[in-house]
Amino acid sequence: MIIKTHSYPRAALIGNPSDGYFGKTIAFVFSNFKAEVTLFESPELEIIPAQYDSNVFLSMKALTDDVKLYGYYGGIRLLKAAVKRFYEYCQSNDLKIKEKNFTIRYKSDIPFRLGLAGSSAIITACMKALMQFFDVKIPVPILANLVLSVELDELKISAGLQDRVVQAFECPVYMDFNKTLMKKQGYGKYEKLSGKILPPLYIAYDTDLSEGSETVHNNLRERFNFGDEQVLKAIKEWSLLTDKVKTMLLSGEQDKIGPLLNRNFDLRREVMNISRKNLLMVNTARSTGASAKFTGSGGAIIGTYDDEKMYKDLEKGLNPIGVKLFKPNIVCNDD
């Protein structure tokens with residue numbers, strides 16, 4: 001039996017990066033790209049390298065370009081860490097699984113290291129394949145925690161729950177990571193939303209801005225841990241913005257959320273350094289009248305636009321500076 005599973009990239013609509021700091025967010029997954037995992041039974045356990053894992057290059061420039069895009073370790077480490085955490089989860093929860101081996105491989109066309117949750121998509125797809133292969137059921141909130149533990153505990157990658165929650169649910173989700181609630185039950189309050197209530201959205205990205213979230217969040221995490229007043233105020237406001245956007249979406253006021261998305265980014269700029277090219281991408285999008293904020297840690301933006309004319313203006317403005325633009329195909333299993 002050949003098992004094939006997939007997971008999609010994530011875009012944070014509002015609230016990020018407060019998800020890693022007991023805040024609130026709304027996010028969704030979209031099917032324009034995907035990570036896919038294939039698994040089948042075999043005599044030995046084997047992980048097959050993919051494109052990102054090659055150690056053969058045409059030149060030093062090719063090697064350098066590859067490292068800039070994909071880092072030094074590729075996706076093999078993601079699968080190895082995911083398999084390890086899955087096994088340990090089964091052991092610690094007394095889940096009896098058959099002793100059988102498998103071969104596993106992955107492929108992904110999700111733009112890498114651009115705040116679209118490409119790494120967690122690979123891990124989530126891997127977990128789904130393992131669950132199916134060993135006939136193990138893991139509750140969705142716990143699955144999100146498990147995927148996060150792969151990156152946070154195994155690989156020491158700074159990350160929050162937002163990406164993993166929405167990829168586990170495969171639906172737009174309102175997330176409240178209240179500290180007391182998190183401590184009590186181990187996960188936040190998650191409310192599924194219909195993809196039909198979202199306004200027209202665009203996503204744009206620049207592969208030259210590839211950078212891992214662990215790099216972007218280092219200073220913010222340190223300041224949060226020390227109780228920096230400016231950071232704590234920002235996290236509180238990001239949460240308030242999330243609640244306002246949720247209310248507008250549910251009351252049919254989708255056309256009014258653009259300024260709140262802009263404020264999300266402007267507030268981020270007050271507490272974090274933003275690179276010149278990221279600012280150029282945001283400001284270029286906003287010059288058309290569209291709203292713009294990061295989808296994640298930088299390198300990709302999301303925003304609202306009024307009509308097709310404005311979308312064409314976005315293309316005219318962003319394409320010349322090397323930024324790719326598309327309309328996300330929003331996924332929701334309940335739609």
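**Burial and overall form**

I looked up burial for the chain and found that 56% of its 335 residues count as buried, where buried means under 20% relative accessible area, exposed over 50%, and partly exposed in between, with a 1.4 Å probe and protein chains only. I note that this is a predicted model, in which local features need pLDDT of at least 70 and side-chain atom pairs count only at pLDDT 80 or more, while totals for chains, interfaces and linings use all residues. Residues are numbered from 1 along each chain as its sequence is written, and side-chain values use heavy atoms, with hydrogens and water left out.

For the secondary structure I recorded 12 helices and 12 strands; these are DSSP runs numbered from the N terminus, helices being H or I with at least four residues and strands E with at least two. The radius of gyration is 20 Å, which agrees with the value near 20 Å that a compact globule of 335 residues would have; the radius is taken over C-alpha atoms, and the globule rule is 2.2 Å times the number of residues to the power 0.38. Along the principal axes, the C-alpha atoms fill a box of roughly 60 × 55 × 45 Å.

I also looked at contacts, meaning heavy atoms within 4.5 Å: among those between residues at least 6 apart in sequence, 75% join residues at least 24 apart.

**The loop between β2 and β3**

I turned to serine 18, which is found in the loop between β2 (10–14) and β3 (24–29), and which counts as buried because its relative accessibility is 0%. The side chain of serine 18 reaches the backbone oxygen of glycine 15 at 2.7 Å. Leaving aside neighbours within four places in sequence, I found serine 18 in contact with Gly23, Lys24, Thr25, Ile235, Trp238 and Ser239. Proline 17 has its place in this loop between β2 and β3 as well, and a cis peptide bond with omega of about 10 degrees joins asparagine 16 to proline 17.

I next looked up valine 83, which has its place in helix α2 (residues 76–92) and is buried, because its relative accessible area is 15%. Once neighbours within four places in sequence are left aside, valine 83 is in contact with Phe102, Cys126 and Leu130. I also checked glutamate 99, 16 residues from valine 83 along the chain, and the C-alpha atoms of the two are separated by 14 Å.

Aspartate 94 lies in the loop between α2 and β6 (102–108), and I noted its phi near 55 degrees, a positive value in a residue other than glycine. With a relative accessible area of 54%, aspartate 94 is exposed.

**Helix α5 and its two sides**

Lysine 156, in the loop between α4 (140–154) and α5, has a positive phi of about 55 degrees although it is not a glycine. I recorded lysine 156 as exposed, because its relative accessibility is 65%.

Which residues of α5 are buried? I listed Gln162, Asp163, Arg164, Val165, Val166, Gln167, Ala168 and Phe169; eight of the eight residues of this helix (residues 162–169) are buried, so α5 is largely enclosed by the rest of the structure. Just after α5, I found that glutamate 170 takes a positive phi of about 50 degrees.

Definitions and conventions:
Polar contact = N/O pair within 3.5 Å; in protein donor to acceptor, adjacent residues only side chain to side chain.
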